[in-house]
Amino acid sequence: MNRGARFAAPLLAFGLALLAPPPARAQSFQLPNFGDASKSGTDQDKTAAGGLGGLLGQVSGLAGNQGTQEEVQSGDAIAATVLGAAPVWRNPKVQNYVNLVGRNLARQVERKDVPWRFAVLDTPSVNAMAFPGGIVVITRGLYALLSSEDELAAVLAHEIAHVNRRHQWKVIQQQKLVALAGNTALGDNPEKTASLVADLGTRLIARGLDKSAEFEADRDGVVIAARAGYDSSAMISVLEKLAALKPGDPDTALLFSTHPAPEDRIAALAEAATPDLEAAAVPSPAAARIRGMQ
Ligand SMILES: [Zn+2]
């Protein structure tokens, strides 16, 4: 299937306005500190979300900061447990690059109350994941499969969408309420409650979200990437690459057990196409920037 068959539409003047290149300015290199929430709120960009007019309402806005601190601290604790054994790839150039692309994407969503942090993990596994509170990781195995910055943006935007919608955090909060209802003494012990939340989150990451949340993150992610000036069809090309992987491979086992089949995700995205997204289905000026970064 060629690109035109995915999102076939003329490039409108409106679409051209979307294609301003992502900013090339250097940003300071910061590795995520998975065990320390004290850095929350230090690097927030208050730039208003731009572009894509009528699609703005498709990505949920969630107002208010109530509970954000607990979300960030819990997310960091969950990430510390899940990623404890997975080292961050010691490649400052790539880490800086992925943070640059990720932060540019994160500016396009409504949530400005979390400290977004992006990292590439040094593992051949093929996966990406988000944690409550703004930590987004992609594995070196998945990063190596990507052939354009548009595809990197598609992957990161999907994960940003999970955080923006609080997909994981909502599930964890529901499960916490159930646990507290069954053990009222637990609620009086903040340390035990925090440990319970971290445990619930760790299990959720291993089990995955329900399919509807994954399809929603795909749809939101395409809009977020297009708002930032990226090719709106890049998620489809990433999913085609995932579909071509061997399902029995241990490096892809977690990805396939926690997400719907790539073919189903492609079909759902095709159904969600709009004229605006079709107009944005062209490679961005930054597409080739990933070369030399892999
Ligand atoms: Zn997902």
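Trainee: Which residues of α7 are buried?
Mentor: His 167, Gln 168, Trp 169 and Ile 172. Keep in mind that this is a predicted model.

Trainee: What do those buried residues pack against?
Mentor: Four helices. They pack against α3 (68-83), α6 (149-164), α8 and α9 (211-227).

Trainee: Take α8, then. At what angle do α7 and α8 pack?
Mentor: About 130°, with the axes 9 Å apart. Helix α7 covers residues 167-182, and helix α8 covers residues 190-207.

Trainee: What do we call that arrangement of α7 and α8?
Mentor: Oblique. An angle over 145 would count as roughly antiparallel, and 65 to 115 as roughly perpendicular.

Trainee: Is the crossing left-handed or right-handed?
Mentor: The crossing of α7 and α8 is right-handed.

Trainee: Which residues meet there?
Mentor: From α7, the list is Gln 168, Val 171, Ile 172, Gln 175, Lys 176 and Ala 179. From α8, it is Leu 196, Val 197, Leu 200, Gly 201 and Leu 204. By class, that contact has seven nonpolar, three polar and one charged residues.

Trainee: What span should α7 have, going by its residue count?
Mentor: Its 16 residues should span 22 Å at 1.5 Å a residue. The end C-alpha atoms of α7 are 24 Å apart, which agrees.

Trainee: And α9, how far does it reach?
Mentor: 24 Å from its first C-alpha to its last, over 17 residues. That is close to the 24 Å expected at 1.5 Å a residue.

Trainee: How many residues of α9 are buried?
Mentor: 13 of its 17, so the helix is mostly covered. Just after α9, Gly 229 takes a positive phi of about 100°.

Trainee: Where is Arg 166?
Mentor: In the loop between α6 and α7.

Trainee: Is Arg 166 buried or exposed?
Mentor: Buried. Arg 166 has 20 other C-beta atoms within 10 Å. The cut-off for buried is 20 or more, so Arg 166 qualifies.

Trainee: New topic. Where is Ala 268?
Mentor: In helix α12, residues 262-271. Ala 268 is partly exposed, with 18 other C-beta atoms within 10 Å.

Trainee: What is Ala 268 in contact with, leaving aside neighbours within four places in sequence?
Mentor: Phe 215 and Asp 218. As for Glu 216, its C-alpha atom is separated from that of Ala 268 by 9.5 Å. Ala 268 and Glu 216 are 52 residues apart along the chain.

Trainee: What about Ala 281, where is that?
Mentor: In the segment after α13 (275-279). Ala 281 counts as buried, with 23 C-beta neighbours inside 10 Å. The C-alpha atoms of Ala 281 and Ser 232 are separated by 4.7 Å. Along the chain, Ala 281 and Ser 232 are 49 residues apart.

Trainee: Now the whole chain. How many helices and strands does it have?
Mentor: 13 helices and three strands. Of its 294 residues, 45% count as buried.

Trainee: What share of the contacts with a separation of 6 or more comes from residues 24 or more positions apart?
Mentor: 81%.

Terms used: Residues are numbered from 1 along each chain as its sequence is written. This is a predicted model: local features need pLDDT of at least 70, side-chain atom pairs count only at pLDDT 80 or more; totals for chains, interfaces and linings use all residues. Helices (H or I, at least four residues) and strands (E, at least two) are DSSP runs, numbered from the N terminus. A residue is buried if 20 or more other C-beta atoms lie within 10 Å of its own, exposed if 12 or fewer, and partly exposed in between; C-beta atoms are placed from the backbone. Two residues are in contact if their C-beta atoms, placed from the backbone, lie within 7 Å. Axes are lines fitted to C-alpha atoms, for helices over the stretch in contact, and angles run from 0 to 180 degrees between N-to-C directions. Angles under 35 degrees count as roughly parallel, over 145 as roughly antiparallel, 65 to 115 as roughly perpendicular and the rest as oblique. A crossing is left-handed if the near helix is turned anticlockwise from the far one by less than a right angle, and right-handed if clockwise. Ala, Val, Leu, Ile, Met, Phe, Trp, Tyr, Cys and Pro count as nonpolar, Asp, Glu, Lys and Arg as charged, and the others, Gly among them, as polar. The expected span of a helix is 1.5 Å times one less than its number of residues.
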